[in-house]
Amino acid sequence: MKILVLHQLPYRKAGYDRAIDHRRHDVTYAGHADRLADLPEDLPARRLPVPADEDFAAGVIARTSPADGYEAVLSLSEFGVLAVCRVRGHLGLPGPTPEQAELAHDKVRMKQALAGSGIRTPRFSAAPARDALLPWSGATVLKPRRGTCSEGVSVFPSARRALAAHRALAEPGEYELEEYVDGDILHTDGLVHGGVLVHSVTSRYVGKPADYAAGVPLGSHQLPPDERYEDLARRTVAALGIDCGTVHLEFFETAGSELVFLEVANRMGGAGVVDAHLRHTGIHLPSHEIALRLGLPRPAPDTPSGRYHGWLVVPGHHLPADRPHTAALPAHLLDHPCADRIHTLPPGTPAARHITYQEWLVPLAVEASHPDPAALRAYLHACAEAAATPSEEAA
């Protein structure tokens with residue numbers, strides 16, 4: 001098979017070689033120079049550089065033709081959701097249209113599509129009139145309609161203040177306003193094949209994704225199977241017409257045990273989600289997605305650990321560049337029965353200046369596991385509280 005990969009994720013996260021035999025298939029990786037540089041030097045595949053100052057999809061389209069004979073185009077990145085549709089259309093290959101892909105990419109369109117499904121969503125407004133008020137008055141979230149890592153998300157104590165901030169934006173049409181829902185946030189990660197959710201695991205966040213952008217640690221840990229969570233994921237997949245690949249669903253669980261949809265993406269979760277999922281289930285989500293999308297045999301699963309797994313990342317993007325980017329845990333947490341791996345930056349290595357969950361770019365990242373999810377949650381909370389963040393040290 002002749003395959004064109006839109007390479008926008010770190011290779012170590014995607015693990016293309018787990019699903020694709022590069023000596024059997026003719027593979028080309030299209031990407032910016034920095035991304036192509038992380039491909040293994042001995043990987044038997046073509047490289048198609050796209051200048052960083054060009055629109056990515058347009059750059060790929062300008063350098064490819066239907067005559068090239070590509071049989072499939074693959075993207076595993078949130079940033080490639082629409083690009084892969086455009087490139088596929090250019091090459092004359094079948095697949096979801098941009099309009100279909102937007103249902104698991106645009107946070108307004110996905111909630112609009114869930115209307116009438118019986119799935120509760122927060123009240124929201126995409127384009128409030130200049131002199132209008134929102135149909136709620138309390139805490140309100142202002143966030144981009146598209147994007148990842150909660151970048152650009154702000155929470156305001158009232159709808160009126162959020163409206164004022166929205167009106168002051170240079171491009172208000174790229175944002176939405178949403179009522180704040182009080183409750184824990186959970187995420188379900190799994191695989192979809194033929195429009196059916198065929199595998200999933202649900203985890204509960206430690207902290208909230210929106211707070212991570214402000215410098216607060218974020219983590220999550222897996223939970224035992226719960227039919228309520230699985231049912232919500234199945235109904236979401238069906239209502240949005242998600243046909244294939246991985247799915248990362250986020251939702252609230254209120255104090256009254258009500259489940260409220262937050263958002264969904266037709267791609268794998270970030271941070272430590274993939275590794276935790278692999279250890280708990282034996283299934284490597286991205287390589288199984290690759291196999292499903294390309295019609296290849298799914299890789300044989302590894303042996304599950306028999307434990308619940310979780311992760312925690314301590315950010316450094318919010319810190320002044322001239323401050324030390326260090327973080328540490330006390331000895332009793334480093335030697336704790338839950339602790340599997342502790343990642344820290346080498347001395348003198350600066351943390352990334354952009355919002356990221358990658359463990360090799362943040363001051364501190366923790367991988368943990370335990371047979372009891374409650375014990376695991378307590379450990380991750382303790383790590384979040386004890387981590388000596390760079391901002392605290394500098395103070």
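Is glutamate 102 buried or exposed? Glutamate 102 is buried, at a relative accessible area of 10%. Here, buried means under 20% relative accessible area, exposed means over 50%, and partly exposed lies in between (1.4 Å probe, protein chains only).

## The model

This is a predicted model: local features need pLDDT of at least 70, side-chain atom pairs count only at pLDDT 80 or more, and totals for chains, interfaces and linings use all residues. Residues are numbered from 1 along each chain as its sequence is written, and side-chain values use heavy atoms, with hydrogens and water left out.

## Salt bridges: arginine 146 and its partners

The whole structure holds 26 salt bridges. A salt bridge is a side-chain nitrogen of Lys or Arg within 4 Å of a carboxyl oxygen of Asp or Glu. One of them joins arginine 146 to glutamate 102, with the closest N and O atoms 3.0 Å apart. Arginine 146 sits in the loop between strand E6 (140-144) and strand E7 (154-156), and glutamate 102 in helix H5 (residues 98-102), so the pair ties together parts 44 residues apart in sequence. Helices (H or I, at least four residues) and strands (E, at least two) are DSSP runs, numbered from the N terminus.

Arginine 146 is partly exposed, at 29% relative accessibility. Both residues also belong to a network of salt bridges that links Glu102, Asp106, Arg145, Arg146 and Glu174.

## Salt bridges: glutamate 178

Which residues pair with glutamate 178? Lysine 111 forms a salt bridge with it, the closest N and O atoms being 2.9 Å apart. This pair links distant parts of the chain. Lysine 111 is in helix H6 (residues 107-114), glutamate 178 is in strand E8 (residues 175-179), and they stand 67 residues apart. Lysine 111 and glutamate 178 are both buried.

Glutamate 178 also meets lysine 143 in a salt bridge, at 3.3 Å from N to O. Lysine 143 lies in strand E6 and glutamate 178 in strand E8, so this pair ties together parts 35 residues apart in sequence. Lysine 143 is buried, as is glutamate 178.

## Positive phi in two loops

Serine 257 has a phi near 70 degrees, a positive value in a residue other than glycine. Its place is the loop between strand E12 (244-253) and strand E13 (259-265). Serine 257 is partly exposed, at 43% relative accessibility.

Alanine 271 is not a glycine either, yet its phi is positive, at about 55 degrees. Alanine 271 is found in the loop between E13 and helix H10 (273-281). At 8% relative accessibility, alanine 271 counts as buried.
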